[in-house]
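Please open the structure in a viewer and keep a selection panel at hand.

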Amino acid sequence: MQSDAAIEYDYSIAKAFTFATILFGIIGMLVGVIIAFQMAFPELNNLAGEYGTFGRLRPLHTNGVAFGFTLSGIFATWYYVGQRVLKVSLQESKFLQTIAKLHFWLYFVTILLAVVTLITGFTTSKEYAELEWPLDIMVVLWWVLRGVSIFGLI
């Protein structure tokens, strides 16, 4: 039996991830421009002290764009398109709404902590796996929360 009642979708989490996409995109790409200038003009490498060197900024750029910018966009897309395609709203379940909010805030805090640890030099020194283990645990937690969100909406 089909209902003609319009579904009121909850886009608050999709909007939050969209704003995070914009924020981390600007930061990540700005850092990319800075390190591009440092490569072109090596004398710029020491202007900001040890925290502004190419070696400190490169992991910040790659992780910021790959994980901060790209994943924010992927998560925003899921929370928008997932509801529309499945014809279900996050408003229908307080549990799923809470999971979605927890997913966003845990993700956002993880990325901010990643920025701090990367710029201060606390890394594992492995390309695209630079985050230290406490942050790795946080990453696993928000992937689990995303899975709960996906299967919960389905």
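Is lysine 87 buried or exposed? Lysine 87 is exposed, with a relative accessible area of 57%; buried means under 20% relative accessible area, exposed over 50%, and partly exposed in between, with a 1.4 Å probe and protein chains only. This residue is placed in the loop between H2 and H3. Most residues other than glycine have a negative phi.

Two remarks on the model apply throughout. This is a predicted model, in which local features need pLDDT of at least 70 and side-chain atom pairs count only at pLDDT 80 or more, whereas totals for chains, interfaces and linings use all residues. Residues are numbered from 1 along each chain as its sequence is written, and side-chain values use heavy atoms, with hydrogens and water left out.

**Stop 1: the whole chain**

Select the entire protein and colour it by secondary structure. The protein has four helices and zero strands, running α-α-α-α from the N terminus on. Helices (H or I, at least four residues) and strands (E, at least two) are DSSP runs, numbered from the N terminus. The C-alpha trace spans about 70 × 30 × 20 Å along its principal axes. Of the 154 residues, 41% count as buried. Among contacts with a separation of 6 or more, 75% are between residues 24 or more positions apart, where contact means heavy atoms within 4.5 Å.

**Stop 2: helix H3 on its own**

Select residues 94-120, which form helix H3. Its 27 residues should span 39 Å at 1.5 Å a residue, and the end C-alpha atoms are 39 Å apart, which agrees; the expected span is 1.5 Å times one less than the number of residues. Next, select glycine 121, which follows H3 and has a positive phi, near 95°.

Then select glutamine 97, which lies in H3. Glutamine 97 is buried, with a relative accessible area of 11%. Not counting residues up to four places away in sequence, it touches Asp10, Leu90 and Gln91.

**Stop 3: H2 against H3**

The axes of H2 and H3 come within 9 Å and cross at roughly 170°. Axes are lines fitted to C-alpha atoms, for helices over the stretch in contact, and angles run from 0 to 180 degrees between N-to-C directions. That angle makes H2 roughly antiparallel to H3; angles under 35 degrees count as roughly parallel, over 145 as roughly antiparallel, 65 to 115 as roughly perpendicular and the rest as oblique.

To see the contact, show side chains including Leu60, Phe67, Leu71 and Phe75 in H2, and His103, Tyr107, Ile111 and Val115 in H3. The residues of this contact divide into 13 nonpolar, five polar and one charged. Here Ala, Val, Leu, Ile, Met, Phe, Trp, Tyr, Cys and Pro count as nonpolar, Asp, Glu, Lys and Arg as charged, and the others, Gly among them, as polar.

**Stop 4: two phenylalanines of H2**

Select phenylalanine 67, in helix H2. At 28% relative accessibility it counts as partly exposed. Its C-alpha atom is separated by 13 Å from that of phenylalanine 104, 37 residues apart along the chain.

Select phenylalanine 69, also found in H2. Phenylalanine 69 is partly exposed, with a relative accessible area of 29%. Leaving aside neighbours within four places in sequence, it is in contact with Thr21, Phe24, Gly25, Met29 and Gly64. Isoleucine 26 is 43 residues from phenylalanine 69 in sequence and 8.5 Å away in space, C-alpha to C-alpha.

**Stop 5**

How do H3 and H4 lie, and at what angle do they cross? Their axes come within 9 Å and cross at roughly 155°. That makes H3 roughly antiparallel to H4. The contact includes Leu96, Ile99, Leu106 and Leu113 of H3 and Met138, Leu141, Leu145 and Val148 of H4. By class, it has 17 nonpolar, five polar and one charged residues.
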